[in-house]
Amino acid sequence: MWRLVIGNQNYSSWSLRAWLFLRLNEVDFDVQRIALYTGSAKAELLRYSPAGKVPVLIDGNICVWDSLAICEYAIENLGLPGWPTEGAVRAEARSLVAEMHGGFGALRSQFPMNCRRTPTPVPPDDAALADIQRVDAIWSSCRERFDKCGPGLFGDWSLADAFYAPVVLRFDRYCLPCSESARRYMDAVLMLPAMQEWVAAARQETEVLPQFEV
């Protein structure tokens with residue numbers, strides 16, 4: 001059985017991405033949770049990954065770290081439908097995942113993921129607002145073109161949706177400005193049973209990390 005090492009479910013956006021993708025594809029795996037920023041957390045994580053970060057997938061003697069690498073490993077080894085089937089659409093989906101994987105630093109910094117947060121407006125600074133507008137444009141464009149194919153960004157739920165799911169939570173918990181089409185997409189993601197399972201587990205956690213409490 002695969003084992004996925006994750007961090008605090010309330011705060012760890014990268015853990016959510018890998019966990020959600022596996023859940024959406026009904027992969028059978030165990031979860032090992034490590035409370036981040038505790039005295040022993042770094043040493044424990046270094047047992048599994050030289051990067052010392054979550055998430056980490058353990059498959060026998062194989063360890064895979066980084067959310068995107070984990071998802072790609074699952075696609076290759078289990079034959080999961082992670083990407084759209086049509087070539088041009090698949091290329092766009094990969095571009096959007098890469099953009100999320102390496103971008104939106106202002107949005108991430110000003111609005112850390114916090115599943116337990118009561119939705120309350122927080123005004124973004126100019127840099128975060130630019131990121132917010134770009135995300136809204138992505139969601140709105142995808143839903144306009146693929147609305148009749150399913151609820152995900154490209155119709156069927158895909159790797160792209162797993163990667164933007166933590167941003168959905170950020171938009172919702174900080175009441176960030178968005179278009180109606182973006183809001184409908186957010187509601188569809190938030191209603192996913194897997195997302196509700198993750199948030200419910202996050203609400204049961206007791207750790208409070210002040211650096212992520214806005």
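Throughout this passage, buried means under 20% relative accessible area, exposed means over 50%, and partly exposed covers the range in between, with a 1.4 Å probe and protein chains only. The structure is a predicted model, in which local features need pLDDT of at least 70 and side-chain atom pairs count only at pLDDT 80 or more, while totals for chains, interfaces and linings use all residues. Residues are numbered from 1 along each chain as its sequence is written, and side-chain values use heavy atoms, with hydrogens and water left out.

Helices (H or I, at least four residues) and strands (E, at least two) are DSSP runs numbered from the N terminus, and two strands pair if DSSP finds at least two bridges between them. Four strands make up an open sheet in the order 2-1-3-4, with mixed pairing. Its edges are strand 2 (29–33) and strand 4 (62–65), each pairing on one side only. From one strand to the next, the twist averages 20°; axes here are lines fitted to C-alpha atoms, for helices over the stretch in contact, and angles run from 0 to 180 degrees between N-to-C directions.

Both senses of pairing can be followed residue by residue. Strand 1 (residues 2–6) runs parallel to strand 2, with five bridges between them, and tryptophan 2 has phenylalanine 29 of strand 2 as its bridge partner. Strand 3 (residues 56–59) pairs with strand 4 in the antiparallel sense over four bridges, and here isoleucine 58 stands opposite cysteine 63 of strand 4. Strand 3 and strand 4 form a hairpin with two residues between them, and glycine 60 in the turn has a positive phi of about 65°. Helix 1 (residues 13–24) lies across strand 1 and strand 2, at about 150° to strand 1.

Most residues other than glycine have a negative phi, and most peptide bonds are trans. Valine 54 and proline 55 are joined by a cis peptide bond, with omega about 0°; proline 55 sits in the loop between helix 2 (41–46) and strand 3. Aspartate 66, in the loop between strand 4 and helix 3 (67–78), has a positive phi near 85° and is partly exposed at 31% relative accessibility. Phenylalanine 104 also has a positive phi, near 60°. This phenylalanine 104 belongs to the loop between helix 4 (87–102) and helix 5 (105–110) and, at 7% relative accessibility, counts as buried.

Phenylalanine 104 is one of the residues touched by aspartate 131, which lies in helix 6 (residues 126–146). With contact meaning heavy atoms within 4.5 Å, aspartate 131 touches Phe104, Gly105, Ala106 and Leu107, leaving aside residues up to four places away in sequence. Instead, the side chain of aspartate 131 reaches the backbone nitrogen of alanine 106 at 3.2 Å, and one of its polar atoms lies 3.0 Å from the backbone nitrogen of leucine 107. A polar contact is a pair of N or O atoms within 3.5 Å; within protein, one must be able to donate a hydrogen and the other to accept it, and residues adjacent in sequence count only if both atoms are side-chain atoms.

Elsewhere, charges do pair up: the structure holds nine salt bridges, each a side-chain nitrogen of Lys or Arg within 4 Å of a carboxyl oxygen of Asp or Glu. Glutamate 205 bridges to arginine 33, with the closest N and O atoms 2.6 Å apart. Glutamate 205 lies in the segment after helix 9 (193–204) and arginine 33 in strand 2, so the pair ties together parts 172 residues apart in sequence. Glutamate 205 is buried at 9% relative accessible area, whereas arginine 33 is partly exposed at 33%.In helix 8 (residues 180–190), aspartate 187 and arginine 183 lie four residues apart, about one turn of the helix, and their side chains meet in a salt bridge (2.8 Å, N to O). Both belong to a salt-bridge network that links Asp172, Arg173, Arg183 and Asp187. The buried residues of helix 8, among them Tyr185 and Met186, pack against helix 6, helix 7 (159–173) and helix 9.
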